[in-house]
Amino acid sequence: MFVCSLVSYSPLKMEENKIENELKNNWVLLFSASIGVICSSIVLPFYSLGALVVPITQEFGWSRAEFQLALLFSTGAGVVTAPLVGIFLDKVGIRKMALIGLFGLGAALSLASQLNGELWMLYLVYALMAILGAGTIPVTWTRAVTNVFSKQRGLALGIMLSGTGICAIVIPQITVFITEEFGWRAAYLVLAALPVGLAAPLVLLFFWPTESLNDDPMPENEVGTGLTFKEAIKGYRFWVLLVSIFVVYIAMSGMVPNLIPALIDQGISAQLAATAISVFGVTVILGRLIVGYLVDIAWAPGVAAFAISLPVIGSLLLAGSPPFFTACVAAGLLGFAAGAELDLMSFLAAKYFGLLNYSQIYAVLYAALALASGLAPMLFARIFDKFGSYEIGFTIGALFFAAGALMVLTLGRYPKSFSS
């Protein structure tokens with residue numbers, strides 16, 4: 001019995017219990033944060049856009065490039081607001097920022113149902129989505145998770161950010177269905193109801209990042225260690241990470257919103273085209289969970305390079321105007337990488353720069369992502385307007401994915417002084 005007691009309370013056993021407790025004691029926070037991600041200003045407008053391109057441009061006579069330029073105004077406003085969110089999170093509080101953002105995004109989406117054919121109104125509404133919904137961007141949710149989780153940080157981020165994959169599965173299908181049955185104005189109103197009616201109540205009840213029940217909270221010396229923002233931007237790793245994020249998201253954000261229109265142009269129905277995006281969403285979740293697990297046990301840049309290289313194949317498949325099944329395979333390869341990128345950005349920022357100024361550092365990295373996400377859909381749509389095909393755009397996407405995969409391999413070893 002004495003031997004059994006030694007085994008039961010061995011350091012190894014205690015460490016296993018600590019790891020188990022991180023997920024067990026904080027699952028409600030992860031759940032509410034995941035729903036918040038689904039209903040965030042970077043996700044809802046992005047994954048609903050492709051389903052709205054054809055009906056709205058046909059009604060108002062806009063080109064696809066003109067309509068998809070709206071995302072540039074949304075993410076352009078996000079570039080400006082993201083660093084401010086990073087600063088205010090520490091002053092106003094994570095939970096308050098999230099709630100303000102959810103109600104603000106709902107208001108902006110409801111305004112989109114009142115579009116009247118004026119492009120300036122379209123662009124204003126999408127800019128308001130980013131400004132009023134600024135508190136819902138990933139830095140809010142990832143800050144809460146990185147504060148609470150240490151041993152299973154990668155997996156926790158993967159679980160939480162799987163909300164983007166769920167959004168990719170569900171939102172295009174809902175948007176297409178509502179648009180076909182009731183019109184695109186009704187679709188915007190349904191989208192507006194999600195952050196207000198679904199996410200906000202859950203965040204209000206369960207999202208308490210500063211009042212975690214974790215009985216083994218992260219040590220204070222870890223929370224307070226790392227590089228300052230000024231120190232981080234002086235090193236090459238910050239710029240490697242920023243540029244790699246930018247080129248990968250130029251490719252990803254250029255292709256995904258244009259996938260539904262590209263498949264419709266090939267004679268595939270809108271509902272089947274939305275199914276391809278749903279396949280994308282399934283593999284986003286797989287990417288999040290698999291990559292989240294792997295980065296906790298392996299060198300994260302190597303995992304990142306593998307994940308980001310997969311859509312090189314997917315992009316080349318799409319460039320060949322594939323049949324529906326092949327297009328779904330290609331969408332799946334894109335989704336796995338999309339699932340990896342956001343949580344990799346969170347994980348790598350914490351690993352290489354520490355948590356001292358995490359919110360500000362992550363917010364600037366996110367701003368690069370937001371800028372790419374805004375530019376790319378319009379650029380790829382303009383390529384279509386000029387050449388009548390997405391083939392050139394998809395080929396460019398393959399080159400950008402390859403460049404991003406190679407860049408992350410240069411990050412080198414984790415700093416020993418504050419990585420956990």
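Guide: Helix 9 is mostly covered, with ten of its eleven residues buried. This is a predicted model, where local features need pLDDT of at least 70, side-chain atom pairs count only at pLDDT 80 or more, and totals for chains, interfaces and linings use all residues. Residues are numbered from 1 along each chain as its sequence is written, and side-chain values use heavy atoms, leaving out hydrogens and water.

Visitor: What do "helix" and "buried" mean here?

Guide: Helices are DSSP runs of H or I with at least four residues, numbered from the N terminus. Buried means under 20% relative accessible area, with a 1.4 Å probe and protein chains only. In helix 9, the buried residues include Pro-138, Trp-141, Arg-143 and Val-148.

Visitor: Where is Thr-142, and is Thr-142 buried or exposed?

Guide: Thr-142 belongs to helix 9 (residues 138-148). Thr-142 is buried, because its relative accessible area is 0%.

Visitor: Which residues is Thr-142 in contact with?

Guide: Contact means heavy atoms within 4.5 Å. Leaving aside neighbours within four places in sequence, Thr-142 is in contact with Leu-157, Met-160, Leu-161, Ser-346, Tyr-358 and Tyr-362. Sequence and space can be read side by side too: Thr-142 and Ala-33 are 109 residues apart in sequence and 8.6 Å apart in space, C-alpha to C-alpha.

Visitor: How many aromatic pairs are there?

Guide: Rings of Phe, Tyr and Trp (its six-membered ring) pair if their centres lie within 6.5 Å; planes under 30 degrees apart count as stacked, over 60 as edge-to-face and the rest as tilted. By this rule there are 14 aromatic pairs. One of them, Phe-46 with Tyr-47, is edge-to-face, at 5.0 Å centre to centre and 80° between the planes. Both Phe-46 and Tyr-47 are buried. Phe-60, Trp-62, Phe-67, Trp-184 and Tyr-188 form one aromatic cluster.

Visitor: Which charged end sits over the ring of Tyr-414?

Guide: A charge sits over a ring if NZ of Lys or CZ of Arg is within 6 Å of the ring centre and within 35 degrees of the ring normal. The charged end of Lys-351 does this over Tyr-414, 4.9 Å from the ring centre. Lys-386 lies over the face of Phe-387, 5.8 Å from the ring centre.

Note on methods: Helices (H or I, at least four residues) and strands (E, at least two) are DSSP runs, numbered from the N terminus. Buried means under 20% relative accessible area, exposed over 50%, partly exposed in between (1.4 Å probe, protein chains only).
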